[in-house]
Amino acid sequence: MDHRGPVGVKDVAAAAGVSVGTVSNVLNRPDRVTDATRERVHQAIASLGFVRNEAARQLRAGLSNCVGLIVLNATNPFFTDVATGAEECAAEHGVAVLVGNSAEQPDREDAYLTLFEQQRVRGVLLSPIGDAGPHLERLAQHGIAGVVVDRDIATGAHSSVSVDDVAGGTLAARHLIALGHRHIAYVAGPAGLRQVTDRLDGVRREAAHHGGIDVEFVEAANLDIAAGVRCGQAILDRPRAQWPTALFAGNDLIALGLLKALLARGVRVPDDMALVGYDDIAFAEGAAIPLTSVAQPRHEIGRRAMELLLASGEDERPRPQRVVLQPHLVVRRSSDPHAPRL
């Protein structure tokens, strides 16, 4: 039999000498069909090369076997690790993950939300640019579950998985203050991101606890290496007497940019200026000067978020859950000259 287009259920039914309904039963409710009929239909499927249209079936059922994940910045390895944790959990449940990169642009974030709504995904994991509440309400109106990733939703209205960023900022500041630093510059941005302000809050709280510590906020346009280079150059353009003795970066990409700017100007790290990053991505350990960093449990963030999403999608009236994980400090030579060499 010559088929010039995609093979359909009608073709299988004709080849097997059964009705379309019988083919449907073989595919979806095989217990309703005799062994002989099932065998005949499967032989027809094999000979014709029939592949079922899973997307169409899911749309008819109103249930997709996919979930959406919108990350803040796909170029940041932190989000790659979060996505990996989410995907590993999803795969264990036979669910696929569609990843969208908002690139910190609200219009792109909105476009991905619209796309996932149109695809009728089972749920959405969202690392939001701003207030996540309206997005989650919008998803709920379409019967789509939502979980916020890497952002704490303290109101309890929606499920979220985050890391205690205030604690992370506190860890970085406590480490630098213990090393004798009294002028710390926190380099991160944009300031509208909750993670940025929470980490700054942690630094300021620890500084206030000790007293006599000067904390300044240097706002970066983005959370990437180029922004770190620009901020580092701006700091080094000041008279040397106005230089901070320590830099705390809002993430490791900014920290790597800062390190690049410092080394280009001949600044000794950490003797002239100490440096601490955030996230502890794989590149931190492999930097020209291994980077001290506040480590986040990246895989666990993604896995826990996916677990909450799949559980809430199965519950008609899910109870929002707030999961807050704890960071820890990994000390390397960018802040402490006595840290072990690798």
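1. E216 is buried, at a relative accessible area of 18%. Here buried means under 20% relative accessible area and exposed means over 50%, with partly exposed in between (1.4 Å probe, protein chains only). The model is predicted: local features need pLDDT of at least 70 and side-chain atom pairs count only at pLDDT 80 or more, while totals for chains, interfaces and linings use all residues. Residues are numbered from 1 along each chain as its sequence is written, and side-chain values use heavy atoms, leaving out hydrogens and water.

2. What does E216 pair with? Its side chain meets that of R238 in a salt bridge, 2.8 Å from N to O. E216 sits in strand β7 and R238 in the loop between α10 (225-236) and β8, so the link joins distant parts of the chain, 22 residues apart. R238 is partly exposed, at 23% relative accessibility. A salt bridge here is a side-chain nitrogen of Lys or Arg within 4 Å of a carboxyl oxygen of Asp or Glu. Helices (H or I, at least four residues) and strands (E, at least two) are DSSP runs, numbered from the N terminus.

3. The loop between α10 and β8 also holds R240. Its side chain forms a salt bridge with D272, at 3.6 Å from N to O. D272 lies in the loop between α11 and β9, so this pair ties together parts that are 32 residues apart in sequence. Are the two partners buried or exposed? D272 counts as buried, at 19% relative accessibility. R240 is exposed, with a relative accessible area of 54%.

4. The whole structure has 16 salt bridges. Another of them joins D110 and R138, with 2.5 Å from N to O. D110 is in helix α6 (residues 106-118) and R138 in helix α7 (residues 133-141), 28 residues apart. D110 counts as partly exposed because its relative accessibility is 34%.

5. Now the sheet. It is open and has 6 strands, in the order β7-β6-β8-β9-β10-β12, with mixed pairing. Strands β7 (214-219) and β12 (328-330) stand at the edges. Each has a single partner strand, so one side of each lacks a neighbour in the sheet. From one strand to the next, the twist averages 20°. Two strands pair if DSSP finds at least two bridges between them.

6. Which strand does β7 pair with? Its partner is β6 (residues 183-188), in the parallel sense over 6 bridges. Within this pairing, Y186 has F217 of β7 as its bridge partner. Strands of a sheet pair through backbone hydrogen bonds, either parallel or antiparallel.

7. Helix α11 (residues 252-264) lies across β6, β8 (246-249), β9 (274-279) and β10 (292-295). It runs at about 155° to β9. Axes are lines fitted to C-alpha atoms, for helices over the stretch in contact, and angles run from 0 to 180 degrees between N-to-C directions. Contact means heavy atoms within 4.5 Å.

8. Which residues of helix α1 (residues 9-16) are buried? They are V12, A13 and A16. They cover an arc of only 100° around the axis, which puts them on the same side of α1. The arc is that of the directions from the helix axis to the C-beta atoms. On the other side of α1, K10 and A14 are exposed. The buried residues of α1 pack against α2 (20-28) and α3 (35-48). Just after α1, G17 has a positive phi of about 70°.
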